[in-house]
Amino acid sequence: MDRGLAGVWPALFDGFATTVIVSFSALLLGAPLAILLAAASRGGRVTTRLAGLYLSFWRGTPILVQLLIVFYLLPFFGLELQPTLAATLALALNTAAFQSEIYRAGLLAVPKGEIEAASMLGLSASQTFFRIEAPQAIRLMLPALIGEMQALVKNSSLVSVIAVTDITRRAQQVAASTFRPLEAYTSALLLYVIIGAVLACIGLLLERHLSREAKQ
């Protein structure tokens, strides 16, 4: 490997760390809102419509536009965020819309007979949720959540448009400084593939672990 290519990886690893941090932070920040949206969609007519409006906007508009709106709109309200924070917020608001559907579908997939049986046994609503609904729903939702995480990592490549130094941004910088775009972008592609493969393995291991616990 020549000296030009040797300088690719330190910069890309820095972008790799940014990509992972932004993606996982967005997933965690979006989860509470997703749970609220899932609950709202199972509530009354007003909350269902409000949740539907949120889902329609964030699921039906381009992520690139969402990133730009969040980045440039917040300063009008006196809230200026660093590009990384603005990107994380925009991705969190976006993934919340997709996660909420995953949570809702997972909870609806739990047999109603088991919930009714738990009620007849004297379990409270919270006990029923944590002992009956949640464990089964998590097993059902896990593959979809891993898929959403993988999608979130891929979508995070767009944060480079607001100057976040993720993998894609670092690859652009390396390509411009070394005049080796093929090597820079191929290396970036490899890092994205590695992230996706690791997430898939983690999801498979967790799914097997939960399946073994369910059989015990």
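Predicted model: local features only at pLDDT ≥ 70, side-chain atom pairs only at ≥ 80, totals over all residues.
Which residues line the second largest pocket?

1. Helix α2, residues 8–41, packs against helix α5, residues 83–108, at an angle of about 40°, and their axes are 6 Å apart. Angles under 35 degrees would count as roughly parallel, so α2 is oblique to α5. The crossing of these two helices is right-handed.

2. In the contact of α2 with α5, 15 residues are nonpolar, 8 are polar and 1 is charged.

3. The largest pocket holds about 290 Å³ of space. Its lining consists of 13 residues, and those nearest the pocket centre are Phe24, Leu27, Leu145, Ile146 and Met149. Two or more lining residues come from each of α2, α5, α7 (125–155) and α9 (181–215). By class, 12 of the lining residues are nonpolar and 1 is polar, with no charged residues.

4. The second largest pocket holds about 220 Å³ of space. The residues that line this pocket are Ile35, Ala38, Ala39, Arg42, Tyr103, Leu107, Phe129, Ala134, Ala137, Ile138 and Met141. At least two of the lining residues are supplied by each of α2, α5 and α7. Helix α7 gives the largest share, 5 residues.

5. The lining of the second largest pocket divides into 10 nonpolar residues, no polar residues and 1 charged residue. Arg42 is in the list of lining residues, and Arg counts as charged.

How values were computed:
Residues numbered from 1 in each chain as written. Heavy atoms only, no water. Axes fitted to C-alpha atoms, helices over the stretch in contact; angles between N-to-C directions. Helix = DSSP H or I, 4+ residues; strand = E, 2+ residues; numbered from the N terminus. Parallel < 35°, antiparallel > 145°, perpendicular 65-115°, else oblique. Left-handed = near helix turned anticlockwise from the far one by under 90°. 1 Å grid on protein atoms, 1.4 Å probe; cavity = no way out; pocket = protein on both sides within 12 Å on 5 of 7 lines; lining within 4 Å. Points joined across faces, edges and corners; volume = space filled by probe spheres on them.
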